[in-house]
Amino acid sequence: AGEMPEVSLLDYGAGNIQSIRNAIVKAGFSPKDVVTPDDIRTAKVLVFPGVGAFGSAMETLTARGFAEPLKEYLAADRPFLGICIGMQTLFEASEESPGVAGLGVIPGTITRFKGAMAAVPQIGWNGVSPWRASPLLGDSEEACRAWSAPAAGASPSKLYFVHSFRAEVTDANRDWVLASTDYDGSRFIAAVQRGNVAATQFHPEKSGALGIALLRRFLVAATAVANGDAGALKAGAPAAGPWVASPTRLARRVVACLDVRSNDAGDLVVTKGDQYDVRESGGGAVRNLGKPVELCQRYYEEGADEVCFLNITAFREMPLEEQPMLEVLAGAAAAAFVPLTVGGGIRDYTDSAGKHWTSLDVAARYFRAGADKISVGSDAVRAALAWHASGGKATGASCIEQIARVYGSQAVVVSVDPRRVYVASPEDAPDKHVVEMTEPRRFGPAGERYAWYECTLSGGREGSGLDTNALARACEALGAGELLVNCVDEDGQKQGFDLDLIGDLCAAVGIPVVASSGAGKPQHFSEVFSRTRAEAALAAGIFHRREVPISAVKGELAAAGVEHRGDDA
Ligand code: 1PR
């Protein structure tokens, strides 16, 4: 590591710093943590990956004595790359945290997406439209145009975004804009640069091979500047707008899911159930489909847009004593440069030594190990029941609220495991949200055409009386940023996603919905994307058993005209 040039990393203590550290290493550099204010003064190249809320980021910078040296560093035009909140804090203020002053380097206030035309947060892979050339996006106009207008037959390159707030382009900040992106009917800033100070709204560290290449181009040029080549980071002159005017589009995501549990020998293995039963028929051994880190790396290389780990028995164990899961996560984050979601066992609990852990403590360990999002199953059902019982009052105490407050809504996924409860007509379940089945194969055993979907706890082992619609509304109100919709009845059946259930939940909430359970062939993905507003679709069994490669799913999406992330490696 001695020969790798050093990059200083400004960690203010929240969120997943591990991914950017891994990405810097992957790009060929050596990350060094900023520990004291002096580390900022002596940095050659400084990367600031902000995560969480604008206000908490600024407060921590100030409390740790980083704000002033950071302002001086920026004023001296030394090489800097801010990411996400690390870009937003360059502005004067944010609607996210009224009254908190930003670093004030770029004029303007960060505002919230209106959510009028699209789900908020924006989570996923979107295009960028460069306005001028730069080492970050491409040194020539031709290279930059390729971002938004690719060669015939290729899909536009996409980068990973996850945020609810954005910087709109104004006359006052126009000369900073390097690239813009379009979402929710608005055009906002995707990247900025002036002199040697650059920043991105997207996450290069989570944007696959393309993101690593971009990071590498920037760090090479930034290091050259630090070593005396003053013009190495130079970007083109400020422009009035993007080279290619047509709006960018968010991709529908393809997610590979790894259900992980200890087998009878005590090793963490990837397993897969049929309707949540993961043992060989007749109550035999836990099915073993491979090693979690190896599979994750394979899916990353094959083009998965996201990988999800569910520790499916964590509800009955002590989640943090499951050290192997943290190791799995660390290994996965070093191998896969796309978003990682981790779920299982996120709740308050007391360990065997009598120490109490909050769900926030448990989540914090997962984030530190490399998770980008955490997913809550059983505890979200409890939180939703409490929310309804109190007439819709938020106490601030639920796991969803606790984690969203520190890490932001976009980092909190609720994973629901519903099971159908058939009824002959909606009147038979007057206090439930009943869904009409549109496909005969989903009719009940007595030909019932209606069902409500009961949320279960502990992966189908326990009922709740709560219907999925009520759960979804409660969890959104409590601050969840995404809804992962499994279905016990369809799990492992390969008959397609339950479009009635998914469609119903897409209509119930304004946050992104991830369809899960039942994928059997590539057409099931294009079907769920063309017939519902689901933003992502997840599969497990068909990928693990190599029945369907991820590239075949992407090929089908291309053929069906569904916006997706192509092969940009
Ligand atoms: O309740 O917060 O501890 O979280 C436990 C998590 O583990 C939940 O997210 C729950 O969905 C999951 N889980 C619990 N038991 C099981 C099980 O299978 N016995 N797995 C389980 C969930 C469903 C999906 C599966 C899709 C796609 N499995 O993860 O990947 O159904 O499968 P397919 O493509 O093969 O049809 P907590």
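**Close-up views of a predicted model**

Figure 1. The model is predicted, with local features requiring pLDDT of at least 70 and side-chain atom pairs counted only at pLDDT 80 or more, while totals for chains, interfaces and linings use all residues. Residues are numbered from 1 along each chain as its sequence is written, and side-chain values use heavy atoms, with hydrogens and water left out. A salt bridge is a side-chain nitrogen of Lys or Arg within 4 Å of a carboxyl oxygen of Asp or Glu, and the count by this rule is 34. D500 and R442 form one, with their closest N and O atoms 4.0 Å apart. This pair links distant parts of the chain, 58 residues apart: D500 belongs to helix α14, and R442 to the loop between β23 (435-436) and β24 (450-455). Helices (H or I, at least four residues) and strands (E, at least two) are DSSP runs, numbered from the N terminus. D500 and R442 are also part of a salt-bridge network that includes R420, E439, R441, E490 and D498.

**Figure 2. The salt bridge between K272 and D491.** K272 pairs with D491 in a salt bridge whose closest N and O atoms are 2.5 Å apart. K272 lies in the loop between β15 (268-271) and α8 (292-302), and D491 in the loop between β25 (482-485) and α14 (499-508), so the pair ties together parts that are 219 residues apart in sequence. K272 and D491 are both buried. Side chains of opposite charge can pair when their charged atoms come close.

Figure 3. In the side chain of S517, an N or O atom is 2.6 Å from an oxygen atom of the ligand. Taken alone, the ligand exposes 760 Å², of which the protein buries 98%. Accessible areas come from the Shrake-Rupley method with a 1.4 Å probe; for residues, only the protein chains shown count as cover.

**Figure 4. The sheet around strand β1.** Eight strands form an open sheet with mixed pairing, in the order β2-β1-β3-β4-β13-β12-β11-β8. β2 and β8 (129-130) stand at the edges with a single partner strand each, so one side of each has no neighbour in the sheet. Two strands pair if DSSP finds at least two bridges between them. Strand β1 (residues 6-9) runs parallel to β2, joined by four bridges, and pairs in the parallel sense with strand β3 (residues 46-50) over two bridges. L9 has D33 as its bridge partner in β2 and V47 as its bridge partner in β3. Elsewhere in the sheet, strands β11 (residues 177-183) and β12 (residues 186-194) run antiparallel and are joined by six bridges; R187 in β12 is the bridge partner of D182.

**Figure 5. The salt bridge between D33 and R21.** D33 forms a salt bridge with R21, with the closest N and O atoms 3.0 Å apart. D33 is in strand β2 (residues 30-33) and R21 in helix α1 (residues 17-26), twelve residues apart. The relative accessible area of D33 is 31%, which makes it partly exposed.

**Figure 6. The packing of helix α15.** The buried residues of helix α15 (residues 522-531) include P522, H524, F525, S526, V528 and F529. Buried residues of α15 pack against β14 (253-262), α14, β26 (513-515), β27 (536-539), α16 (541-544) and α17 (550-559); contact means heavy atoms within 4.5 Å.

Figure 7. The side chain of N263 reaches the backbone nitrogen of A265 at 2.9 Å. Not counting residues up to four places away in sequence, N263 touches V269, V286 and N288. Leaving aside neighbours within four places, the contacts of A133 include G138, D139, C144, A235, G236 and W243.

How values were computed: Buried < 20%, exposed > 50% of the residue type's maximum accessible area, 1.4 Å probe, protein only. Polar contact = N/O pair within 3.5 Å; in protein donor to acceptor, adjacent residues only side chain to side chain.
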